[in-house]
Amino acid sequence: MARKRLAELCYARSGDKGDVSNVGLLAFDEAAYQVLRREVTPARVKALMKGVVQGEVEVYELPNILALNVVMRRALGGGATRTLRFDQTGKSLGNALLRLEVEVPGDG
């Protein structure tokens with residue numbers, strides 16, 4: 001097995017609603033999607049976002065578009081109108097998630 005960052009397997013789109021941030025991870029191909037399904041777990045996302053995401057993390061599969069929707073609750077310091085965070089809408093969380101290192105089959 002080799003290790004890669006998610007940025008080598010997919011791209012990300014971020015959104016927010018109140019104090020909830022969601023990141024869509026769209027795989028470049030079917031093989032990359034299978035790695036995402038196996039490696040992007042709520043526990044791993046929560047560990048990566050330690051100190052940022054205070055609530056639960058949920059991961060939803062969207063196989064018809066080779067994507068995952070990662071929902072992070074209590075992730076925006078109360079939401080855009082309440083937080084003192086520089087990135088109040090969580091746009092940077094997508095880029096942060098792309099740093100997650102995952103195991104890929106073969107030698108990369």
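## Glu39, tucked in

Glu39 counts as buried because its relative accessibility is 11% (buried means under 20% relative accessible area, exposed over 50%, partly exposed in between, with a 1.4 Å probe and protein chains only). Keep in mind that this is a predicted model, where local features need pLDDT of at least 70, side-chain atom pairs count only at pLDDT 80 or more, and totals for chains, interfaces and linings use all residues. Residues are numbered from 1 along each chain as its sequence is written, and side-chain values use heavy atoms, with hydrogens and water left out.

## Who Glu39 meets

Glu39 belongs to helix H1, residues 30-39 (helices are DSSP runs of H or I with at least four residues, strands are runs of E with at least two, and both are numbered from the N terminus). Setting aside neighbours within four places in sequence, Glu39 is in contact with Arg44, Val102 and Glu103 (contact means heavy atoms within 4.5 Å).

A polar atom of the Glu39 side chain also sits 3.5 Å from the backbone nitrogen of Glu103. With the side chain of Arg38, the Glu39 side chain makes a polar contact at 3.2 Å (a pair of N or O atoms within 3.5 Å; within protein, one must be able to donate a hydrogen and the other to accept it, and residues adjacent in sequence count only if both atoms are side-chain atoms).

## The sheet

Now for the strands: four of them form an open sheet in the order S2-S3-S5-S4, with antiparallel pairing. S2 (10-17) and S4 (57-62) stand at the edges with a single partner strand each, so one side of each has no neighbour in the sheet.

S3 (residues 20-27) and S5 (residues 67-73) pair in the antiparallel sense over seven bridges (pairing takes at least two DSSP bridges). Leu25 stands opposite Leu68 in S5.
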